[in-house]
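Q: Could you walk me through how the features of a structure are read, one at a time?

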Amino acid sequence: MVRRKGYIFVLSTTLILCFIVMIFTAVSQSSVMTNTTESKKNSVIVIDCGHGGEDPGAVGVNNVYESDVNLSFGLKFNDILKLNGYDTVLTRNDKNDIADKSLDTIAKRKKSDMYKRLDIYNSSLKNVAISIHQNIFPAKSCSGTQVFYSKQNPLSKVLADNITTSVVSNLQNDNERISKESNGIFLLDNAKVPAIIVECGFLSNENETYLLCDKEYQKKFSYCLFQGLMNSNL
Ligand SMILES: [Zn+2]
């Protein structure tokens, strides 16, 4: 029995060691695969969660702040992109804006916030900027995603169209909106790289606000953004 126990001990130890080696090899391989995937991505995705800090953006049904909803969507989209090997840059990753706090008026601080975001968009020609916002409208029945694109770079329209297609086919079959060219949207009009604004939905619509605040819906929507990006070969 002692011998047999010794044999079992050696066998068990060997199996445990083999298992550890297998796990280690698998982890090494997966990190190599991740690196390989990363190196294949040419674009850096700038995720711009609109508003923040002293600017809540639209205030919707049940006092929902657009700035908070934008951040939730942006962080989920960032998770999906990172998992798929993309490099990302977030213009903000918490409730704060990026305004120059030393300026003495809200208007000046807001302007500095917008210029800093634009600087991030244009900081590299590898960037693709996706700005996330929510809509609001007096007619409470209005709902559905609307995407705006920059006319400065033709890939902006490609991306906007593909994201619209993905959202409509996966989540909003009755949405008939088509993507629109920006006219007077500061960030899109001045972006040198492919840039779009996604107005995910209407915070003035009660049913849609419920969806826009739902974590699972935010994830599904983020996958649509990702699918649109993939289909644009960016
Ligand atoms: Zn907004």
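**Aromatic pairs and the zinc site**

A: The structure holds 4 aromatic pairs, where rings of Phe, Tyr and Trp (its six-membered ring) pair if their centres lie within 6.5 Å, and planes under 30 degrees apart count as stacked, over 60 as edge-to-face and the rest as tilted. This is a predicted model, in which local features need pLDDT of at least 70, side-chain atom pairs count only at pLDDT 80 or more, and totals for chains, interfaces and linings use all residues. Residues are numbered from 1 along each chain as its sequence is written, and side-chain values use heavy atoms, with hydrogens and water left out.

Q: Which aromatic residues form one cluster?

A: Phe73, Tyr217 and Phe221 do. Tyr217 and Phe221 are both in helix 7 (residues 215-231), 4 residues apart, about one turn of the helix, with helices taken as DSSP runs (H or I, at least four residues) and strands likewise (E, at least two), numbered from the N terminus.

Q: Is Phe221 buried or exposed?

A: Buried means under 20% relative accessible area, exposed over 50%, and partly exposed in between (1.4 Å probe, protein chains only). Phe221 is buried at 0%, and Tyr217 is buried at 7%.

Q: Which residues coordinate the zinc ion?

A: Donors are N, O and S atoms within 2.8 Å of the metal (3.2 Å for Na, K and Ca), and water is not among the atoms, so sites may look incomplete. Here the zinc ion is coordinated by His51 (NE2), Glu66 (OE) and His133 (ND1), at 2.1 to 2.2 Å. His51 lies in the loop between strand 1 (44-49) and helix 2 (66-83) and Glu66 in helix 2, so this pair joins parts 15 residues apart in sequence.
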